[in-house]
Amino acid sequence: MNRFTSGLAATACLAIVATVPMALPGTAKATSAAPAAATAHVAGAQVAAAGYVAPTRTLRLGMKGADVKALQQRLAALKYYPGAADGVFGQYTLEAVWAFQEVQRLGVDGVVGPATKYALVHPRGYPARYPSGGSLRVEVNLTTRVLVVYQSNRVALISHISAGGGYRYCSSNGCGYAITPTGRFRTTVYMPGWITVPLGRMYNPVFFIGTVYAIHGSTSVPLAPASHGCVRIPMDIAAFFHNMVKTPGTPVYVYR
């Protein structure tokens with residue numbers, strides 16, 4: 001791990017410990033105030049449709065209606081938190097659809113068309129990479145572009161992510177490449193609210209390599225890898241993610 005936390009690589013994410021406020025180590029339990037849709041336990045295998053009926057129309061960003069609300073409820077039941085089930089296909093629902101399509105190995109366009117409709121009724125479960133890695137753990141799949149939280153060895157949350165973009169960048173500390181390190185880590189520090197650092201801002205970061213690399217909220221979590229090395233998650237999920245894990249100590253597995 002030293003090769004990721006020394007020299008220029010230490011600035012590959014958005015944080016340098018000397019430039020952030022005093023760390024406030026989190027001690028929240030995994031059963032605290034995360035949305036019920038995100039914390040209810042289900043197996044990683046296929047989940048029955050439980051009365052869900054796929055919409056007749058194609059659903060996409062900006063649409064409204066009872067079928068959008070049913071979509072939101074279905075995504076929440078499958079642990080892809082889409083925000084409030086308000087019948088409005090907004091940004092959070094779009095990001096949940098992205099995550100669902102990524103896990104289902106579909107074309108990721110955020111549109112609920114024929115293939116996505118079928119998958120919603122017959123979903124593919126997420127295959128754990130580290131089933132013995134801890135009953136409470138986080139798996140970050142850089143290839144599929146999702147983060148999965150396990151509680152009691154059951155999937156509690158699946159989120160779309162954007163990780164290191166692989167590009168070369170320069171800052172006041174020198175130049176480097178935007179790479180998200182792979183390996184086995186543990187949460188170290190949680191810092192609440194917006195944290196401003198030399199390369200930008202991060203919301204509610206949960207660090208997993210010192211105070212260098214973090215899982216954090218961002219207003220920009222595109223389909224393509226785009227961060228300086230951290231793992232970006234949508235803002236609505238960042239509002240409660242830190243309550244789903246224990247800091248310090250929760251295993252974090254980052255892999256391709």
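**Exercises on a predicted model**

H160 is buried, with a relative accessible area of 1%; buried means under 20%, exposed over 50%, partly exposed in between (1.4 Å probe, protein chains only). This is a predicted model: local features need pLDDT of at least 70, side-chain atom pairs count only at pLDDT 80 or more, and totals for chains, interfaces and linings use all residues. Residues are numbered from 1 along each chain as its sequence is written, and side-chain values use heavy atoms, without hydrogens and water.

**Exercise 1.** Describe the surroundings of H160.

*Solution.* 
- Locate H160: strand β3, residues 154-160. Strands (E, at least two residues) and helices (H or I, at least four) are DSSP runs, numbered from the N terminus.
- List contacts (heavy atoms within 4.5 Å). Beyond four places in sequence, the partners of H160 include W98, R145, P222 and I233.
- Find the side-chain partner: E102, through a polar contact of 2.9 Å. Such a contact is a pair of N or O atoms within 3.5 Å; within protein, one must be able to donate a hydrogen and the other to accept it, and residues adjacent in sequence count only if both atoms are side-chain atoms.

**Exercise 2.** Check the span of helix α2, residues 66-77.

*Solution.* 
- Take 1.5 Å times one less than the number of residues.
- Note the buried residues of α2, among them V68, L71 and L75.
- Step past the helix: K79 follows, with a positive phi near 80°.
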